[in-house]
Structures are given as structure tokens and as C-alpha cells.
Amino acid sequence: LDVNVSFQLWEPLVPNQANGSLPPLFCEPGAGGNVVYLHPLAQYLGNNQPLYGLQAQGLDGVTEPYKSVEKIATEYIKAIQTVQPTGPYFLAGHSLGGYVVFEMAVQLQRMGESVAYVGILDVPALINSVNHQHDFSNWDDANWLHSMAEIVRELGGKNLVLDYQTLASLNPEQKLHYFKEQLEIVGFLPPQTDIKFIRGLVQVYQTQCQIRYEPHNTDSAPITLFCAKEVDMDSISSQEPAWGWNNFSDREVEVHIVPGTHTSMMGEPHVKFLAEKLQKSLEKVRKTNVKKSNY
């Protein structure tokens, strides 16, 4: 994982892999809304599979993050239609992004567009039903930064040294600078990164972690669920293999188990196996999709 890339990151649509003759896959990251961690997935899907990441408003550290899945989905539909004006659409989302792409499918179908594929990466249909909803009411700035540091560790193998006592002695702006310095030390960020970038990362992460969403029925969107093997939701995985998504589609939900945890499934070495499963799943849908695409 490397964020030493161009910081022209404030358009919602980011071409992780723009080449290829296949229909584009529009992919939504989890809470935090940054498409950087989708790069390995795009690489393993190959040069013939265009993959566009959808990136959260607010990552510039200036604009306000959207506070609902419905609003995020509406804005992202506008973005993807600049590349693909009409369906059939192929969508995939990790964690919170799974809710976003599902809501995009709902809205697209309401607009009369066809949706060929909705890939849900490791999130249940109803969080409350599996007691997997976190209570963030008692979290302070240090909790949020430690949570983000853990994601960095799982995705990129970068161990940040965040001392709780040091954080407790700093004001909010100093905490951001301290976090930025640690990210730069491990090479996750290039030197002299603008502090606005860190402020945006934290604000979007905090906002999106606290978003709640309840899916609605779709007309016929095909859902494919990818579940991390190292799951912490044993109760639902044993009783409901489709994690509740079968209640929100009139088609049977296709389920794949992939190695890793909820976070590490998106990084090395596990992302290669996720890409293989995703690639085969997309190919199967393309072969059976009777509606012709312009691609």
C-alpha cells in the first residue's frame, strides 16, 4: 500500500485502471472513502478490466463529508455516468461501500437503468441483526487515530507507533500533525504532505463509520457476496450464509469465501485470491447477460 501518488484526489471518480475492453467495474471503498487501497485489486484483475474507484467528498479536508448512503449513492451515479452513460452497470463495494453500491443499484433501477452486477465485499445486509454495530459515543480523538492505524497495519503491514499518553497531551490540531508524522515515518505518506489531507482522511472516516443504512428491495439486481474467512460474525455465517442479502434480491445470492479478515482481504497476500474469485464471478455474469453493452 502506497499513498505516494498524485494528490489530484478530489474528483469522485478515480481511474485505478482505465484500460481494457471489458465493461468497467465501479468500486466503492469502505469507511474512509479513499480509493488508494483498491490499487492492488485493480492490478490483479488485469489490464483488460477497467476499474474506477469512487472517492468520498471531504477527503480534501475542506468540503463536508456526505452523511448518508443515499446521498453518496446519488452523487456517485452522476460520476459513473460520465464514463458510462447507460447500463448495464457492474458495481462492487467493500464494507460501507457494499451499502453504497447496493443503494446505487436501487436508484439506477428506479431511473430505468439495468444493473448487471452488485458485488458486496464482507458486510451483512442488516448490521443490527448480527450485533455488529459499534458504539462510537465514547470514542475520543485517540480512539479514532488508533482505529485508522490498525487499518494501515492490516492493509499495508505498516506499524504506526501511536502513544496514547502523547496523544492525550495534544490539542486536536497537534494530534493531526502527530498522526501525519507517524504515517510519514513508515512511508505510508510522502514527506511534507499537506495537513489538509490528514484532516480529510480523519473527518471522512469518523463520519462514514457512524452512518447507518437499511437496504431496500431491488427489482432484480444480482448480488454476489464475498465473505472474509476470518470472520467475527460466526452466528450469522452459520445460520445465514448469504448474511441477509437474500432478503433484498429476487435472485439467489452467490456467496464466495475469501482468505483474510474484513480488512486484510483487500491487501497482500489475500487480495490476489479475492481478485480471482471476483474475476470469475464477473465473467460468469457477462456471459449470461443478454443485454448488449457498448463496451
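I begin with the overall picture and then move to the helix pair.

This is a predicted model, in which local features need pLDDT of at least 70 and side-chain atom pairs count only at pLDDT 80 or more, while totals for chains, interfaces and linings use all residues. Residues are numbered from 1 along each chain as its sequence is written, and side-chain values use heavy atoms, with hydrogens and water left out.

The protein has nine helices and seven strands (DSSP runs, H or I of at least four residues for helices and E of at least two for strands, numbered from the N terminus). Of its 295 residues, 54% are buried, that is, under 20% relative accessible area with a 1.4 Å probe, protein chains only.

How do the axes of H2 and H3 cross? Helix H2, residues 69-80, and helix H3, residues 96-110, have axes that come within 8 Å and cross at roughly 65 degrees; the axes are lines fitted to C-alpha atoms over the stretch in contact, with angles from 0 to 180 degrees between N-to-C directions. H2 and H3 are therefore roughly perpendicular to each other, a term covering 65 to 115 degrees. On the H2 side, the contact (heavy atoms within 4.5 Å) includes Val69, Ile72 and Tyr76, and on the H3 side its members include Leu96, Val100 and Met104.

Finally, glutamine 109 lies in helix H3. Glutamine 109 is buried, at 12% relative accessible area, and its C-alpha atom is separated by 9.7 Å from that of glycine 87, 22 residues apart along the chain.

Notes:
Buried < 20%, exposed > 50% of the residue type's maximum accessible area, 1.4 Å probe, protein only. Parallel < 35°, antiparallel > 145°, perpendicular 65-115°, else oblique.
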